[in-house]
Amino acid sequence: MKTLHELFLHELQDMYDAEQQLTKALPEVEKETTDPMIKQRVRQHLTETEQHVRNLEACSQALGEKAKTQKCAGIAGILQEKQSAMKEKPSTEVLQVINLTGSTKIEHYEICAYTGLISLAAMMGHTECERLLKQNLQDENNMAEFLEQNTRQTIEKLGAMTGDANMAARGQTMAQSQTPQRTPTR
Ligand SMILES: [Fe+2]
Ligand SMILES: [Fe+2]
């Protein structure tokens, strides 16, 4: 790999694989989620993820290339972390938190990957690719924000439900403190 164009194609292929891995992983998360509002949002992000796959295909097409995949070890690794936690047989309550924090890691991976791709597209004047990649990034930013808002609430609620007195007490203190601000990604 000698040129930024080759790097751009490599990274596009990586995300094309990542998004396809996620179209397979999200239905499982949806099935395991007990909160109806979070469940609905996961379902919506599955639809968005299917569109991300199509946007990446359109991006390759705009470059006159065939859409190819390159194994995305980053997303595979995060999904693998969940499988390893599943071996410890989490309760339904704990599984809710595993899915929320795991999904947040995934969204941040996607945000970083798309931010880099958008910079490359802009520098090389691939306007159509830049537009398509920005659409994907917008969805990932919105999903990351939703997940972060709901992770703390879920942990507090479940701390009380699971009878973990320390956790519930801390949850009350946490509720009074400020939610940490997310570093702006754009
Ligand atoms: Fe995505
Ligand atoms: Fe995503």
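This is a predicted model: local features need pLDDT of at least 70, side-chain atom pairs count only at pLDDT 80 or more; totals for chains, interfaces and linings use all residues.
The protein has six helices and zero strands, and if you read along the sequence you get α-α-α-α-α-α. There are 186 residues, and 28% of them count as buried. Take the contacts between residues at least 6 apart in sequence: 72% of those join residues at least 24 apart.

Let's go through the helix pairs. In general, two packed helices are described by the angle between their axes and the distance between the axes, and that's how I'll do it here.

Start with α1, residues 4-32, and α4, residues 92-124. They pack at an angle of about 155 degrees, and their axes are 10 Å apart. Anything over 145 counts as roughly antiparallel, so that's what we call α1 and α4. The crossing of α1 past α4 is left-handed. Who makes the contact? On the α1 side the residues include Leu4, Leu7, Phe8, Leu12, Met15, Ala18, Leu22 and Val29, and on the α4 side they include Leu95, Ser103, Ile106, Ala113, Leu117, Leu120 and Met124. Sorted by class, this α1 and α4 contact has 15 nonpolar, four polar and three charged residues.

With α3, residues 73-86, the axes come within 9 Å and cross at roughly 25 degrees. Under 35 degrees counts as roughly parallel, so α1 is roughly parallel to α3. Here α1 passes α3 in a right-handed crossing. From α1 you have Ala18, Gln21, Leu22 and Ala25, and from α3 you have Ile75, Ala76 and Leu79. That contact divides into six nonpolar residues, one polar and no charged.

The axes of α4 and α5 come within 8 Å and cross at roughly 160 degrees, so α4 runs roughly antiparallel to α5. The crossing is left-handed. For the classes, the contact of α4 with α5 has 17 nonpolar, eleven polar and seven charged residues.

Let's look at both ends of α4. Lysine 89 sits in the loop between α3 and α4. Lysine 89 has a positive phi, about 45 degrees, although it isn't a glycine. Buried or exposed, lysine 89? Exposed, because it has 8 C-beta neighbours inside 10 Å, and the cut-off for exposed is 12 or fewer. At the other end, just after α4, glycine 125 takes a positive phi of about 75 degrees.

The cut-off for buried is 20 or more C-beta atoms within 10 Å.

Serine 103 has 27 C-beta neighbours inside 10 Å, so it counts as buried. Leaving out residues up to four places away, serine 103 touches Val29 and Leu147. For valine 29, that's 74 residues away along the chain, with the C-alpha atoms separated by 8.9 Å.

Then tyrosine 16, over in α1. Tyrosine 16 is buried, with 21 other C-beta atoms within 10 Å. Beyond its sequence neighbours up to four places away, tyrosine 16 touches Leu56, Ala67 and Thr69. Arginine 54 is 38 residues from tyrosine 16 in sequence, and the two are 9.1 Å apart, C-alpha to C-alpha.

Leucine 137 is buried with 20 other C-beta atoms within 10 Å. Setting aside neighbours within four places, leucine 137 is in contact with Ile111, Tyr114, Thr115 and Ile118. One of those, threonine 115, is 22 residues from leucine 137 in sequence and 7.4 Å from it in space, C-alpha to C-alpha.

That's my tour, thanks.

Terms used
Residues are numbered from 1 along each chain as its sequence is written. Chains are lettered from A and ligands numbered from 1 in the order in which they are written. Axes are lines fitted to C-alpha atoms, for helices over the stretch in contact, and angles run from 0 to 180 degrees between N-to-C directions. Helices (H or I, at least four residues) and strands (E, at least two) are DSSP runs, numbered from the N terminus. Angles under 35 degrees count as roughly parallel, over 145 as roughly antiparallel, 65 to 115 as roughly perpendicular and the rest as oblique. A crossing is left-handed if the near helix is turned anticlockwise from the far one by less than a right angle, and right-handed if clockwise. Two residues are in contact if their C-beta atoms, placed from the backbone, lie within 7 Å. Ala, Val, Leu, Ile, Met, Phe, Trp, Tyr, Cys and Pro count as nonpolar, Asp, Glu, Lys and Arg as charged, and the others, Gly among them, as polar.
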